[in-house]
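Subject: Handover of a structure

Dear colleague,

Please find below the structure that I am handing over to you. My notes on it follow directly after.

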Amino acid sequence: MLDILLKNAHYLDENFELQQNDLAIKDGRFVPFTGQSAKTTICSDKVWLPGLVDNHIHISQQFLQGKLLFEKPIVWQRINVPFEASLTKDFVKLSAKTAAAVMIKNGTTSFIDSGCPLAIEMIDTLSAIKMRGAIGYQTTDLIPFDTLRTTPEEAFARNLELIDALKENELLSPILGITTLPAATKELQESVLVYGKEQHLLTSCHMNEYESEILNVIEKENLRPYEYLEKLGALHDKFIGPHSLFLSENEKQLIQDNDTKVVHCPYSNSAKGIPETDALLYRHIGTYLGTDGAGHGGLDIFREMRLFSALMQLYSKSKGDYALVNAKEILSMATHSVDPDLGAIKVGKKADLISLDTSNLDYLSGGINANTMVEIAKGSHVNDSIIGGHFVMKDRELLTIDETQLKTQLKEYKSEPSLISAH
Ligand SMILES: [Zn+2]
């Protein structure tokens, strides 16, 4: 028996073309429909598309919303790091629940977290919500905050503990990360990134986000950041380089040769630089979108797509060309991730999908297609969300989070200045 049958469903296929067919879901994946009965059958005029992926988020920084964009650079050293150094267990859990609720409401079905010092504390909260994602520690041994700094040995032990805690988890997986190359010694980089590669786990480090960080690595190693990681033996097909804004030709070649993945965060990056995404896509480099957390314009990947399309139009014009990155490519960047089983409504793929209401006035003139998804759609248009073959939102009602209780919790935090002032 099927878990879910979406009868005569309209959906965007793997090429983001509108199709109509029966969509059958069983054990978390799309399966062929051969007339089987289903526990849940849905007939509607909504259009389904693959769930959005936030490929770079800082879940523990949910409460930095509205506090970063208009600040002077470099915000992560002056604001993000002191904020993370003050986190408590309860606050991280509330942050995780809030971030997950906002993500689901905006059509995001999976995420890759950049890591936080209390990653293991988020497991129960996120597991109960049935959100797909990768969580881990964002390690550093050079930052001057005792609660964040770790030794290579401590980082190794904590990572082993996290890997063990997640080994039976269906939806959550570990990611081993360091904050930035200048914020970690070679010993820490090896104990986290090289070990992660040896175990073929997800690994990550903020890459080529600021010119000053690139210069720091060149000054110290006489190599650009990706060249240094290649020499360290840390590049592989599960390494994720958020930002990757300023890349030399040799770095692009190394990323391509190692099948390393790149994540752009348009709203966050708008204050830093415009990436050469066309050159990355031309090389078939896995290039995805992320928000960089709520502190960088919220968690709506639709809005990131729209902003990214505007940035790419401007970039194209600066190169004397036009539309170097089109809507289907942007939509693909927003729905794909390191996991090759995500990103398409297709038999065999994981059943992470969302629906949009076609009766919404916004779509009555242009319909739902790749162009309108980038130009018109927004998170508040999302009607339903299915993750791993289970509904987590129906008709905008969250099914795995008590939204009323969450709002009460958030109000309590706001009304307690002592709790909020520490953050
Ligand atoms: Zn980040």
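In which hand does helix 11 pass helix 12? The crossing is right-handed. Please bear in mind throughout that this is a predicted model.

**Helices 11 and 12**

Helix 11 covers residues 301-318 and helix 12 covers residues 327-335. The angle at which they pack is about 145°, and their axes lie 10 Å apart. Helix 11 contributes I301, M305, F308 and S309 to the contact, while helix 12 contributes A327, I330, L331 and A334.

The buried residues are E329, I330, L331, S332, M333, A334 and T335. Helix 11 is one of the elements that cover them. The others include strand 5 (47-50), strand 6 (52-57), strand 14 (287-289), helix 10 (277-282) and helix 13.

**Strand 12 and its neighbours**

Strand 12 comprises residues 239-242. F239 and G241 point to one side of the strand, I240 and P242 point to the other, and all are buried. Strand 12 pairs with strand 11 (residues 202-206) in the parallel sense, over two bridges. Within this pairing, F239 of strand 12 has T203 opposite.

Strand 12 is also joined to strand 13 (residues 261-264), by three bridges, and these two strands likewise run parallel. Here G241 has V262 of strand 13 as its bridge partner. Between strand 12 and strand 13 the chain passes through helix 8 (residues 249-257), which makes a right-handed β-α-β crossover.

I376 lies in the loop that runs between helix 13 (370-375) and strand 16 (382-387).

Leaving aside residues up to four places away in sequence, I376 touches D362, Y363 and G366. D362 stands 14 residues from I376 along the chain, and the C-alpha atoms of the two are separated by 7.1 Å.

With kind regards

Technical notes
Residues numbered from 1 in each chain as written. Predicted model: local features only at pLDDT ≥ 70, side-chain atom pairs only at ≥ 80, totals over all residues. Axes fitted to C-alpha atoms, helices over the stretch in contact; angles between N-to-C directions. Helix = DSSP H or I, 4+ residues; strand = E, 2+ residues; numbered from the N terminus. Left-handed = near helix turned anticlockwise from the far one by under 90°. Contact = placed C-beta atoms within 7 Å. Buried ≥ 20, exposed ≤ 12 C-beta atoms within 10 Å, placed from the backbone. Pairing = 2+ DSSP bridges. Right-handed = clockwise from strand over helix to strand, strands pointing away.
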